[in-house]
Amino acid sequence: MCTNIVYEWLRTLQLPQYAESFVDNGYDDLEVCKQIGDPDLDAIGVAVPHHRRRIHDAVRRLKEAD
């Protein structure tokens, strides 16, 4: 199991099951995660619509925090 900022972020979203796929696909930093779009979620393997929506909402909040 990976323990990094992305894992912690996904854990707060109650989606830690995607942490390894995020890191394996190069999303190992929140700055990189801000660039996530639908094609990225496809590549990561996030297929559940409400999981995708939760991640999109969290990405939007990350961008707004800048």
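How many salt bridges does the structure hold? The structure holds seven, where a salt bridge is a side-chain nitrogen of Lys or Arg within 4 Å of a carboxyl oxygen of Asp or Glu. The legends below visit some of them, along with the rings and the core.

This is a predicted model, in which local features need pLDDT of at least 70, side-chain atom pairs count only at pLDDT 80 or more, and totals for chains, interfaces and linings use all residues. Residues are numbered from 1 along each chain as its sequence is written, and side-chain values use heavy atoms, with hydrogens and water left out.

**Figure 1. The whole chain, as an orientation for the close-ups.**
The chain has five helices and zero strands, and its elements run α-α-α-α-α from the N terminus on. Helices (H or I, at least four residues) and strands (E, at least two) are DSSP runs, numbered from the N terminus. Along the principal axes, the C-alpha atoms fill a box of roughly 30 × 25 × 20 Å. The radius of gyration is 11 Å, which agrees with the value near 11 Å for a compact globule of 66 residues; the radius is taken over C-alpha atoms, and the globule rule is 2.2 Å times the number of residues to the power 0.38. Of the contacts with a separation of 6 or more, 44% are between residues 24 or more positions apart, a contact being heavy atoms within 4.5 Å. Buried residues make up 36% of the 66; buried means under 20% relative accessible area, exposed over 50%, and partly exposed in between (1.4 Å probe, protein chains only).

UniProt, in an unreviewed entry, lists residues 6–65 as "domain: SAM". UniProt positions are given in the numbering used here, feature names are shortened, and annotations may be inferred rather than shown by experiment. The end C-alpha atoms of this span lie 16 Å apart, and the span is 67% helix and 0% strand.

A pair of aromatic rings is described by the distance of the centres and the angle of the planes. There are two aromatic pairs in the structure. Rings of Phe, Tyr and Trp (its six-membered ring) pair if their centres lie within 6.5 Å; planes under 30 degrees apart count as stacked, over 60 as edge-to-face and the rest as tilted.

**Figure 2. Leu10 and the nonpolar core.**
Which residues have the most contacts inside the largest nonpolar core? They are Trp9, Leu10, Phe22, Cys33, Ile36, Val46 and Ile55, in a core of 20 residues. A nonpolar core is a set of buried Ala, Val, Leu, Ile, Met, Phe, Trp, Tyr and Cys residues joined through side-chain atoms within 4.5 Å. Leu10 sits in helix H1 (residues 5–12) and is buried, at a relative accessible area of 0%. Beyond its neighbours within four places in sequence, Leu10 contacts Leu15, Pro16, Tyr18, Ala19 and Phe22. The C-alpha atoms of Leu10 and Phe22 are separated by 9.5 Å. Cys33, leaving out residues up to four places away in sequence, touches Val6, Trp9, Phe22, Tyr27, Val59 and Leu62.

**Figure 3. Arg52 and its salt bridge to Asp38.**
Arg52 lies in helix H5 (residues 49–64), and its side chain meets that of Asp38 in a salt bridge (3.0 Å, N to O). Asp38 is in helix H4 (residues 38–44), so the pair ties together parts that are 14 residues apart in sequence. Not counting residues up to four places away in sequence, Arg52 touches Asp38, Leu41, Asp42, Val46 and Ala47.

**Figure 4. Two further salt bridges.**
Asp57 and Arg60 meet in a salt bridge (3.8 Å, N to O); these residues are three apart in helix H5, and so are separated by about one helical turn. Lys34 and Glu31 form another (2.9 Å, N to O), with Lys34 buried at 7%.
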